Amino acid sequence: MGQKVGSHILAIGVLSTTFAGAWAFMGGSPKPAQKTPPIQSSSKDEENFIQEFLKQAEAEDKQKAGAKH
């Protein structure tokens, strides 16, 4: 085991270990970001109506933004 190891091999090993360790610790599933605050409605129908209204409003905004460019 008394062999010499080149400095480039040591550098590659150190950098590989460092980047592999950083990559492993940064892993995991990211939590999905909630775009809007929670909808507090009195019924499921009201909640569905609000969600559909927001989808339509966003679609109209996108169309208006697309028309300007």
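Visitor: What makes you say that α1 is hardly covered?
Guide: The count of buried residues among the 19 residues of α1 is zero. Buried means under 20% relative accessible area, exposed means over 50%, and partly exposed lies in between (1.4 Å probe, protein chains only). Please keep in mind that this is a predicted model, where local features need pLDDT of at least 70 and side-chain atom pairs count only at pLDDT 80 or more, while totals for chains, interfaces and linings use all residues. Residues are numbered from 1 along each chain as its sequence is written, and side-chain values use heavy atoms, leaving out hydrogens and water.

Visitor: How many helices and strands are there in the protein chain?
Guide: The protein chain has two helices and zero strands. Both kinds of element are DSSP runs numbered from the N terminus: helices are H or I with at least four residues, strands are E with at least two. Of the 69 residues in the protein chain, buried ones make up 0%.

Visitor: How do you know what span to expect for helix α1?
Guide: The expected span is 1.5 Å times one less than the number of residues. Helix α1 covers residues 7-25, and its reach of 27 Å from first C-alpha to last is close to the 27 Å expected.

Visitor: Why is the contact of Glu52 with Lys55 called a salt bridge?
Guide: The term needs a side-chain nitrogen of Lys or Arg within 4 Å of a carboxyl oxygen of Asp or Glu. The closest N and O atoms of Glu52 and Lys55 are 3.9 Å apart, so the pair meets the definition. The structure holds one salt bridge. Because Glu52 and Lys55 are three residues apart in helix α2, about one helical turn separates them.

Visitor: What makes Val5, Ile9, Leu10 and Ile12 a patch?
Guide: Patch residues have over 30% relative accessible area and no salt bridge; nonpolar side chains (Val, Leu, Ile, Met, Phe, Trp, Tyr) are joined within 5 Å, like charges within 9 Å. Val5, Ile9, Leu10 and Ile12 form a nonpolar patch on the surface, with about 380 Å² of accessible area together. Ile12 lies in helix α1.

Key:
Accessible areas come from the Shrake-Rupley method with a 1.4 Å probe; for residues, only the protein chains shown count as cover.
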